[in-house]
Amino acid sequence: MFYGMLIIAFLAVTIYEFLTPNMSDDLIYWDTVHTADNFFDLFKQEAEHWLSHTGRSVSHMILRIFLFINVKAVFNIVAGAVFVILSLLIYANVQGKKEYDVKVYGFILIMLWFLDPAIANTVFWEDGACNYMFTMTIIMGFITLYRKNLDVASFSMFSENITGQNKEKTWIFAFGMFLYGIIAGWCNENTSGGLILFMLIELGYRYIKNQKNFSFIKPWMITGLVGSIIGFIMMILSPGNYGRLNITEEEHTGLVAMLARFLKITLNIKNHYIILVAAFMATLVFIFYFCERNELFVRSVRFMTLFAVLFVATCYALIMIPSSELRSYYGAGIFLMTAIAQGIATLGKCKEKLIKATMTAIVIIAGVIFCLSYFEDGANLARIKREFDERDAYLTEMAANGADDVQAPMLRPLWQTRFSVAYEADIQEDWQFWINFFMAQHYGLGTIHGVERENWDVY
């Protein structure tokens, strides 16, 4: 059953990726990438991008590589695999679970599929997936590696009493953590900041637990942290970040502006993450009422609290910028999902049959809802892709014929689904609308005017 769930998760995401065309920023970056003479030119392009646009070099290098390959199927399959890897990394961080715990893994898949409010932006849009799902997988991989080696203090390769070959392996691992830390710290502003906070809290906790003595410190603990800080600094020092901030307008300034940002973040949590927050609180309450006060209880509560703190910190770190999209909360949501998964595993150990029955019922009901809704949403994605493909062929033909000012149909409003950003990035009637402008550049046309699909009769 466990491996069957893995296969279903992979196929479900991969099929939807195949039904999602390149759109919006994908086309803009595609045009730039295909001016590169060779693979190494991509690094030169990214350096220029770091100077002029944004510091997220890791995510955009991933995107550039996929666009340079220029075979969307490669991205589709890799994205499906990355989704599964991310779910397994969340699962790997859960303590006290059974071997092949289908109930815990089922809850993880439920949260990733149903409770990511920006899943169209973070998973099924190529640029967004590279910026959020891929980078969060890198960060969760680092967290998993760091936690596992913190918890297993007797792991011989990394113990203090080592000489010769083992000592060499220790420093190789420390250097590897340094390099991995640079990559993880260079992923995403608020989420990479949450990664650094995670390490500081874990090291601080062990320092206090060790009677305020640093004797527990191993080289990799420091190199991983230093690497992450270096990567984070490289990201936030990007001159492009400040150029973007300078053109962002706000209604307020000073303290009032900060309060307005705080309110917006709070409302986003309330409007889009309230189910996850409620699930976390309910799970924690049930643990206190129904679970024995044993070692697993203590570790679970501490773990859940840590990741809840990361959720809050990662969300409210966005107060540092004037505005943020809902997809910016993706990493915070993953942190909270990880905390809830830990709570589910802990509840699975309690003796209360009603709790176990309720958990099983939720997984089964969610599975039925997934099956019933998957084909409808998939059909809508297929219809959207068909219209994108038709319009692409038409605009390509018009450009080949030397057309200048062109009319093109907008998407029919009937097929909107939470799994596609197509309607957010569709052309409008106004030729000066940003996506109209960039699409005209992409196809080599003068202007593109959007027309309602019902009034379109050219094809």
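Arg 56 forms a salt bridge with Glu 189, their closest N and O atoms being 2.8 Å apart, where a salt bridge is a side-chain nitrogen of Lys or Arg within 4 Å of a carboxyl oxygen of Asp or Glu. This pair links distant parts of the chain, 133 residues apart, since Arg 56 sits in the loop between α3 (41-52) and α4 (57-69) while Glu 189 belongs to helix α10 (residues 189-209); helices (H or I, at least four residues) and strands (E, at least two) are DSSP runs, numbered from the N terminus. Arg 56 is buried, with a relative accessible area of 15%, whereas Glu 189 is partly exposed at 23%; buried means under 20% relative accessible area, exposed over 50%, and partly exposed in between (1.4 Å probe, protein chains only). The model is a predicted one, in which local features need pLDDT of at least 70 and side-chain atom pairs count only at pLDDT 80 or more, while totals for chains, interfaces and linings use all residues. Residues are numbered from 1 along each chain as its sequence is written, and side-chain values use heavy atoms, with hydrogens and water left out.

The structure holds twelve salt bridges, and another of them joins Arg 206 to Glu 202, with the closest N and O atoms 2.6 Å apart. Both residues lie in helix α10, four residues apart, which is about one turn of the helix. Arg 206 is buried at 14% relative accessible area, and Glu 202 is also buried, at 1%. Salt bridges that share partners join Arg 147, Asp 151, Glu 202, Arg 206 and Arg 302 into one network. Within it, Asp 151 pairs with Arg 147, the closest N and O atoms being 3.5 Å apart; these two are separated by about one helical turn because they stand four residues apart in helix α8 (residues 126-151). Asp 151 is partly exposed, with a relative accessible area of 40%, but Arg 147 is buried at 3%.

Cys 187 counts as buried, at 0% relative accessibility, whereas Cys 371 counts as partly exposed, at 45%.
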